[in-house]
Each structure stands twice: as C-alpha cells, then as structure tokens.
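Hi everyone, thanks for coming. I'd like to walk you through a model I've been looking at, so please have the picture open while I talk.

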Amino acid sequence: MLRTVLIVVVLIMAIVIIHAMARQGLFRSIGDLFLMTAIGVLGVKIADVDQIIPFLNHRSAVTHSIFLPMVLAMVPGVRAAAGPLFLGMSCHLVADFFPSRMTGFALIQVPGWGSIGVLLSYVWLGINALIACAMGHALLKDETSGFVRFLVTVALGIGAYYYLLVLEGSRWAFGAFITVYGLTYLTSLREEA
C-alpha cells in the first residue's frame, strides 16, 4: 500500500515538474533532471561496490568516503555529475551511521589494516556524509541552473525518503539525512545571495 502511494506521489510530482519546466522553456533541463537523479541513485549504491572487489572488505574506507565522487569531480567535462553522486553517497553514509549494531562489517575497514573501531567508524561516516552533502550542493550550484538544482534536490530528497525510510526502515537515518541535506542546501542558497 505504501509503495503504491509513493509511486502515485512521484508520478504526480513528475507531471508537475515537467509542466513547470515546459512553461519555462526548459525542455533540455528535463534530461538534466533525469540524468542527475539517476546519478544520485547510483551514488546511494556505489559505496557497496566494495562487496565485489576482492581486495576490499565491506564498509571499506575507500568506497565509504568522499573518495569516489571526488575523483569524478576532478575529471573535466563530467564535473556536474559529481554533485548528485556526492549527495547519493551522503545518503548511503548516513544509512550506515545507523546500523542495528555497530560491530563486525558495520565498522569501517581500512585495506591492509582492518577495522578502525566503533568510535572512529562513527566519526568517519559522519564527517564523510557531511562533506559529501556540502560538496554535492556546492557542485550542483556551480554546474546547474537554480531551477534544475531545486528539482534535483527535491527528487533526491524523495529518493532518500524511499531508501532510508521505506527500504532501510530507519527513521533516525532519514531524520539525520534530511536535516543535513536541508541545512547544506539552504547554506548553498545563502552563499548565492
């Protein structure tokens, strides 16, 4: 039932967004919106690529950090894609901040060393999630128009709701992410003025 309601809400929002874009003559921006939203979804899942790389343990410090989006941000021509990738990564890191128990594979693993422990895992996840969110909004501000940035922010916020609350079932993670997400978005707006 909840999934059906969510799908209907997303479809209604998509219609409203497309209508608003058409009225402003932003047909090219529709492609930008869908592409950036898809990249944001990829950002949510890319951290777990460590599960298929033989020399990395799950929750590797390499993949559960700002490292992967930062590499993309340095590549000329695809810098704009790093913004939503950072935001998706931030969502994943916040979800990992709230495991059922912070033991074993819930801990951050440094290749060749092992676990960094409970406290440092929380610090690692928290700092990287905050930096990823701030960098994501900063890159979106630099690389897209205000209207597209707003729509991408809303779309990724809806995605975060679905991932954190519906799939992960974590109200704490959703609350923490929306707080950080909202504050970093508002800060990026304030810096514009």
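Let's start at tyrosine 161, which is partly exposed, with 24% relative accessible area. Keep in mind that this is a predicted model.

I'll begin with the aromatic rings. How many aromatic pairs are there? The count is four. Take phenylalanine 97 and phenylalanine 98: their ring centres are 5.2 Å apart and the planes meet at 65 degrees, so this pair is edge-to-face. Phenylalanine 97 is partly exposed at 27% relative accessible area, and phenylalanine 98 is partly exposed too, at 29%. Now back to tyrosine 161, whose ring pairs with that of phenylalanine 174: the centres are 5.7 Å apart with the planes at 80 degrees, so again we call the pair edge-to-face. What I like here is that this pair links distant parts of the chain, with tyrosine 161 in helix H6, residues 146-167, and phenylalanine 174 in helix H7, residues 171-192, 13 residues apart. There is also an aromatic cluster, made of Phe97, Phe98 and Tyr122.

While we are on H6, let's look along the helix. H6 has 22 residues, and from first C-alpha to last it reaches 30 Å, close to the 32 Å expected at 1.5 Å a residue. Which residues of H6 are buried? Among them are Val148, Leu151, Val152, Leu156, Ala160 and Leu164. Here is a handy reminder for reading a list like that: an α-helix has 3.6 residues a turn, so residues three or four places apart point the same way. The buried set in H6 also includes Arg149, Thr153 and Tyr163. After H6 comes glycine 169, and its phi is positive, near 65 degrees.

Next, charges. The structure holds one salt bridge. The partners are arginine 59 and aspartate 96, and their closest N and O atoms are 2.9 Å apart. Where do these two sit? Arginine 59 is in the loop between helix H2 (27-46) and H3, while aspartate 96 is in helix H4, residues 79-97, so to speak 37 residues along, and the pair links distant parts of the chain. Are the two residues buried or exposed? Both arginine 59 and aspartate 96 are buried.

For the surface, have a look at helix H3. Phenylalanine 67 is in H3, residues 67-73, and is partly exposed, at 46% relative accessibility. Phe67 belongs to a nonpolar surface patch of about 490 Å², made together with Val62, Val71, Met74, Val75 and Val78.

Last, a topic I know some of you will ask about: cysteines. How many disulfides does the count give? The count is zero. Cysteine 91 is in no disulfide, and the nearest cysteine sulfur, in cysteine 133, is 9.1 Å away. Cysteine 91 is buried at 2% relative accessible area, and cysteine 133 is buried at 0%.

Key:
Residues numbered from 1 in each chain as written. Predicted model: local features only at pLDDT ≥ 70, side-chain atom pairs only at ≥ 80, totals over all residues. Heavy atoms only, no water. Disulfide = S-S within 2.5 Å. Buried < 20%, exposed > 50% of the residue type's maximum accessible area, 1.4 Å probe, protein only. Phe/Tyr/Trp six-rings, centres within 6.5 Å; stacked < 30°, edge-to-face > 60°. Helix = DSSP H or I, 4+ residues; strand = E, 2+ residues; numbered from the N terminus. Patch = residues over 30% accessible without salt bridge, like charges linked within 9 Å, V, L, I, M, F, W, Y side chains within 5 Å. Areas by Shrake-Rupley, 256 points an atom, 1.4 Å probe, with all protein chains shown as cover. Salt bridge = Lys/Arg side-chain N within 4 Å of Asp/Glu carboxyl O. Expected span 1.5 Å × (residues − 1).
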